[in-house]
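Visitor: Could you take me through the features of this model one at a time, giving the general idea before the particular case?

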Amino acid sequence: MLLSLAVERRVLFLGGKGGVGKTTVASALALAASRQGRRALVVSTDPAHNLGHLWGRRIGDRPTRLAENLQGLEIDPDATTDRHLADVGRTLKRLMPGSLAGEVDKHMDLSRCSPGTHEAAVLERITELVEEGMREHDLVVFDTAPSGHTARLMALPEVMTAWTDGLLRRREKSQKLGAAMRGLETGRERDRGQTLLGSTAPRDPLEERDEEIRSILLRRRDRLASLREVLTDPALSSFAIVLAAERLPVLETIELHEELTRTGVDVGALVVNKRSPAGRGEFLERRRAMEEEHLASLRTALPRVPLQQIPLGEQDVVGAAALEQFARLL
Ligand SMILES: Nc1ncnc2c1ncn2[C@@H]1O[C@H](COP(=O)(O)OP(=O)(O)OP(=O)(O)O)[C@@H](O)[C@H]1O
Ligand SMILES: [Mg+2]
């Protein structure tokens with residue numbers, strides 16, 4: 001069932017509480033899809049990367065070959081932030097008077113540590129990778145960080161599109177006001193017989209600057225809107241919540257499902273990992289019975305989302321061969 005998601009969709013997100021098996025399932029899923037001939041990319045968005053640990057090799061912020069048809073990448077939010085701020089700084093310096101260059105640098109330094117910068121950088125990299133994925137891969141699997149912020153991350157394209165729209169509207173208003181003021185100035189000067197701006201007059205540098213800022217904002221808005229379109233198209237993207245059959249993960253899964261659905265993201269699967277095996281003694285039987293109870297409440301709360309169970313293995317999953325075996329369970 002999980003594999004059918006990876007075969008039919010272009011972008012998959014895996015999320016859930018810490019330690020439930022997101023990185024393992026994401027890697028195994030991407031591997032299984034690559035075995036079916038899909039060019040897959042598995043991406044870790046978690047700053048505490050362990051994609052590299054799982055595969056037993058160094059993986060950086062560039063696609064690294066993991067197997068035939070399969071590449072891996074670990075998003076480096078610091079590098080993305082640096083790149084982003086350098087970009088913004090360059091643009092600002094071009095648009096501001098030269099005497100303010102020092103101020104721009106100071107502002108950029110402060111921005112590096114301000115709330116939201118890191119999140120925006122991860123979102124920017126996700127946007128790039130989804131765009132790249134649509135061009136160069138058949139499937140991109142995102143292994144997300146273990147916290148409530150995944151739902152926020154999925155909501156961010158919508159929030160930021162609305163924010164950019166607001167900014168554009170405000171700019172338009174102040175531009176109109178500015179143009180009217182400049183019109184008044186020109187009128188007054190003309191009255192004094194000093195200036196006569198013909199139709200061939202050079203464009204006002206302020207107008208040019210406004211135009212450039214507007215086009216930067218519009219570009220950003222369009223990219224975020226396209227990302228949102230991909231993420232909220234259930235034919236293209238889906239979210240799989242990984243969990244353990246325990247009380248808190250079940251409650252958190254129900255909440256995460258609600259938040260994602262509200263954002264317009266399709267939740268295509270619930271992956272109940274590390275199920276206690278049957279017939280292995282009284283201790284595990286009791287755990288199984290408890291897990292069944294939690295699963296029953298999960299099914300009652302989310303009866304329509306397909307659910308897949310994966311048994312607890314005897315050992316940790318490390319390396320390509322172990323992942324290959326794990327992938328057969330999907
Ligand atoms: N079905 C399983 N049987 C046995 N061990 C498993 C199983 N699934 C995952 N593991 C092990 O559980 C540990 C945590 O898995 P993993 O790193 O995939 O979780 P995670 O959700 O990505 O964690 P984090 O929230 O820290 O990113 C690993 O040591 C992994 O090998
Ligand atoms: Mg992980």
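Visitor: How many cavities of 30 Å³ or more does the count come to?

Guide: This is a predicted model, in which local features need pLDDT of at least 70, side-chain atom pairs count only at pLDDT 80 or more, and totals for chains, interfaces and linings use all residues. Residues are numbered from 1 along each chain as its sequence is written, chains are lettered from A and ligands numbered from 1 in the order in which they are written, and side-chain values use heavy atoms, with hydrogens and water left out. On a 1 Å grid over the protein atoms alone, a cavity is a set of points where a 1.4 Å probe fits but cannot get out, whereas a pocket is an open set with protein on both sides within 12 Å along at least five of seven lines; lining residues have an atom within 4 Å of a point. Grid points are joined across faces, edges and corners, and a volume is the space filled by probe spheres set on the points. By this rule there is one cavity of 30 Å³ or more, and the largest cavity holds about 40 Å³ of space.

Visitor: Which residues line the largest cavity?

Guide: Its lining consists of G16, K17, V20, I241, V242, L243, P249, E252, T253 and L256. Helices (H or I, at least four residues) and strands (E, at least two) are DSSP runs, numbered from the N terminus; here β6 (237-244) and α9 (247-263) each supply at least two lining residues, and α9 gives the most, with four. If Ala, Val, Leu, Ile, Met, Phe, Trp, Tyr, Cys and Pro count as nonpolar, Asp, Glu, Lys and Arg as charged, and the others, Gly among them, as polar, this lining has six nonpolar, two polar and two charged residues.

Visitor: How much space lies in the largest pocket, and which residues are the closest to its centre?

Guide: The largest pocket contains about 1,300 Å³ of space, and of the 38 residues that line it, H84, V88, E124, I216 and R220 are the closest to its centre. Among the helices that each supply at least two residues of this lining are α5 (101-113) and α8 (205-231), while α4 gives the most, with 10 residues. By class, the lining has 18 nonpolar, 10 polar and 10 charged residues.

Visitor: Which strands pair with β4?

Guide: Two strands pair if DSSP finds at least two bridges between them. Strand β2 (residues 40-44) runs parallel to β4, joined by five bridges, with V43 having L73 as its bridge partner. Strand β3 (residues 64-67) pairs with β4 in the antiparallel sense over three bridges, and there A67 is partnered by L70. The hairpin of β3 and β4 has two residues between the strands, and N69 takes a positive phi near 70° in this hairpin.

Visitor: Is R9 buried or exposed, and why?

Guide: Buried means under 20% relative accessible area, exposed over 50%, and partly exposed in between (1.4 Å probe, protein chains only). R9, in the loop between α1 (2-8) and β1 (11-15), counts as buried because its relative accessibility is 15%. A polar contact is a pair of N or O atoms within 3.5 Å; within protein, one must be able to donate a hydrogen and the other to accept it, and residues adjacent in sequence count only if both atoms are side-chain atoms. The side chain of R9 makes such a contact with the side chain of D266, at 3.1 Å.
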